Amino acid sequence: MKSQPITTLLFDFDGTLLDTNELIIQTFLSVLGKRYPGRFTKEDALQFIGPSLKQTFDSIDETLTEELIKEYRAWNIEMHDQMAVEFDGVTDTLRILKARGLKMAIVSTKRQGMIQKGLTLMGIEDIFDVVIALDDVVTPKPDPEPILLALECLNATKEEAIMIGDNSHDIEGGQNAGVRTAGVAWTAKGEAYLATFNPTYMLQHITDLLEIVDGTSS
């Protein structure tokens, strides 16, 4: 049975389109280093990329979650524009896809304000039809809620959509929502790690999406 053509692209943002990996790692190390000197390493911080801040800080100490989230956001906002850069070819590829008439959305575990800050930094505020952020849903990825909400807003079906991301939450969220998935080989956690979640596709470069959308990639 031939798959339906892809008309709808759902993108995670951080670590997929915008390289905020070092920013996120340094934010965690700064905030947690003050409270727990020497306890958390860069490797630990890597594991915190993907889940929501609440999920991460709850796993450390639920009684401090709200306080740690405030400290994290303050440091992260201050350093954002200095440390965040787009991944190679992202803006150009997104513009090509937009020109081809694809429906496009961001589906992220970040708050709306921070996503907009990143879109402005990249100069792509006009690209996405919908931005689904942490503050738009009750349950973030890997729950299917944000992906299904994006499809509803775009008036798109599961069969014509693909969820693209750098983390297990993106792949599992896509699978839970019943859409095809694409992992990105430039994930901070490594391509081999992401491959264990069995995405439909693995992008070696953002331009691989052009072939997938054309139906020329198996």
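A salt bridge here means a side-chain nitrogen of Lys or Arg within 4 Å of a carboxyl oxygen of Asp or Glu. This is a predicted model, where local features need pLDDT of at least 70 and side-chain atom pairs count only at pLDDT 80 or more, while totals for chains, interfaces and linings use all residues. Residues are numbered from 1 along each chain as its sequence is written, and side-chain values use heavy atoms, with hydrogens and water left out.

**Exercise 1.** Work out where Asp58 and Lys54 lie and how they pair.

Step 1: check the distance; their side chains form a salt bridge at 2.7 Å, N to O.
Step 2: find the helix. Both residues sit in helix H3 (residues 53–61), four residues apart, about one turn of the helix. Helices are DSSP runs (H or I, at least four residues) and strands are too (E, at least two), numbered from the N terminus.
Step 3: check accessibility. Asp58 is partly exposed at 22% relative accessibility, and so is Lys54 at 46%. The cut-offs: buried is under 20% relative accessible area, exposed over 50%, partly exposed in between (1.4 Å probe, protein chains only).

**Exercise 2.** Find which parts of the chain the Lys42 and Glu22 pair links.

Step 1: the two side chains meet in a salt bridge of 3.2 Å, N to O.
Step 2: this pair links distant parts of the chain, with Lys42 in helix H2 (residues 42–47) and Glu22 in helix H1 (residues 21–35), 20 residues apart.
Step 3: Lys42 is partly exposed at 42%, and Glu22 is partly exposed at 32%.
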